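Dear colleague,

I am passing on the structure we spoke about. Please look through it first; my notes on what was found follow below.

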Amino acid sequence: MMLINSTLFMEKYSDLVFFRGRVALYSVLSALDINEGDQVAIQAFTCIAVPEAIFACGATPLYVDTSPQSVNMDSDDLEKKITANTKAIVVQHTFGIPAELDKIISIAKKHNIPIIEDCCHTLSSTYHGQIVGSFGIASFYSFEWGKPLVAGMGGILKVNNSDLQEKLEDNYNNFQYPRFTTELKLNLQYLAYQFLLRPSWYWQLRSFYHLLSRFGTIKGSYNPTGYDVQGIAEDFSLRMPTSTQKRLTDKLKSNHQNKQDLSWIVEQYKARITSSSVQQISVPSNASVVYSRYPLICVNKQKVLETAKQINIEIADWYTTPVHPLAKEKWHLVNYKADSCPNAEKMALSIISLPINSKVTQKDIDKIIKVIDYH
Ligand SMILES: *Cc1c(COP(=O)(O)O)cnc(C)c1O
């Protein structure tokens with residue numbers, strides 16, 4: 001059964017709670033003494049949050065391609081690109097699909113490089129029956145809009161090594177709580193989100209959100225600072241606000257008690273979409289996936305999205321670029337070189353993803369499937 005089951009997750013829910021997922025990543029990279037001159041390997045087909053955390057340490061990202069038909073890191077490309085300066089590997093489980101951990105772990109061991117798992121899309125997928133987030137030296141999670149469990153903005157870190165844990169706890173004293181006004185803004189944002197989110201409101205909400213974040217009224221998902229300004233963004237010195245922490249704890253508890261099973265949605269996407277213009281994303285054979293959204297490769301991506309927007313159904317377009325949301329002319333800002341990860345670039349042009357959450361109705365699913373099959 002596929003649950004957003006937080007039991008295993010909660011057992012090791014640490015006290016290292018940060019303002020955002022990227023801040024949690026930043027904290028662990030700093031604790032590993034990663035800084036100027038160092039590289040951190042990450043996959044292309046990611047969001048800007050990841051390179052932002054690396055730049056905040058003074059290090060640079062080393063972009064590794066994804067495997068064909070996959071949304072996760074290609075281990076052959078990793079092996080090819082690793083250098084003596086590569087000091088950590090961030091392994092992303094995109095849409096909740098576990099990465100090819102066996103291969104990546106063996107490369108990491110050979111070069112003696114620690115792995116940090118990016119679990120922002122999953123709390124509970126497993127690989128060889130073992131929960132993701134327990135394979136690397138540490139793993140980080142995000143609870144902002146669009147993640148499997150939304151508590152407002154925030155990130156947490158889980159650490160699987162006691163020396164590192166100790167160091168992180170020491171460093172944690174340097175992180176401050178955000179200002180009262182910031183916390184208030186985030187709480188209002190959360191209320192609006194709770195109230196408004198329905199698959200049929202997706203496109204309106206999305207435009208409204210982009211508009212508000214452009215004017216600085218709310219905090220957007222992306223604050224491209226850290227690489228183009230002197231000094232790093234204030235975000236990287238902050239903890240998760242206490243009200244968000246409380247919401248997170250409550251949500252994890254109720255999730256655990258209700259054992260909400262969303263697999264009926266996934267089963268329908270899998271069984272009922274028959275269009276020859278879509279292809280399935282590959283999944284490791286020994287993985288059990290708890291999807292955050294259901295991804296598909298779609299040759300008519302733009303047309304499908306246009307129709308979805310016209311008739312108000314939620315089909316998402318991300319990641320739209322190798323380092324979302326940066327368009328090609330901005331790739332240099334995050335050191336991404338065009339053509340360096342061709343599979344990821346190609347995937348960004350054809351990926352779509354379908355909603356999986358408690359507000360999705362049978363009617364939504366029928367409409368989504370109709371639109372995809374129509375093209
Ligand atoms: C959301 C996300 C993050 C972190 O996001 P924050 O906004 O910093 O909480 C990191 N990696 C991936 C893959 C994500 O989707």
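Contacts of the ligand

An oxygen atom of the ligand sits 2.7 Å from a polar backbone atom of Gly21. Please keep in mind that this is a predicted model.

Two further contacts involve side chains. An N or O atom in the side chain of Asp118 is 2.7 Å from a nitrogen atom of the ligand. Tyr319 has a polar side-chain atom that lies 3.2 Å from an oxygen atom of the ligand. Taken alone, the ligand would expose 380 Å², and the protein buries 98% of that area.

The surroundings of the ligand

There are 15 residues around the ligand, and those that come nearest are Gly21, Arg22, Asp118, His121 and Lys147. By type, the shell around the ligand divides into five charged, four polar and six nonpolar residues. At least two residues of this shell come from each of helix H2, helix H3 (49-56) and strand S9 (138-142).

Helix H2

Helix H2 spans residues 21-31 and is mostly covered, with ten of its eleven residues buried. Gly21 and Arg22, named above among the residues that come nearest to the ligand, are both on the list of buried residues of H2. That list also includes Val23, Ala24, Leu25, Tyr26 and Ser27, as well as Val28, Leu29 and Ala31. After H2 comes Asp33, which has a positive phi, near 60 degrees.

Regards

Definitions and conventions
Residues numbered from 1 in each chain as written. Predicted model: local features only at pLDDT ≥ 70, side-chain atom pairs only at ≥ 80, totals over all residues. Heavy atoms only, no water. Buried < 20%, exposed > 50% of the residue type's maximum accessible area, 1.4 Å probe, protein only. Helix = DSSP H or I, 4+ residues; strand = E, 2+ residues; numbered from the N terminus. Near = heavy atom within 4 Å. Polar contact = N/O pair within 3.5 Å; in protein donor to acceptor, adjacent residues only side chain to side chain. Areas by Shrake-Rupley, 256 points an atom, 1.4 Å probe, with all protein chains shown as cover. Nonpolar A, V, L, I, M, F, W, Y, C, P; charged D, E, K, R; others polar.
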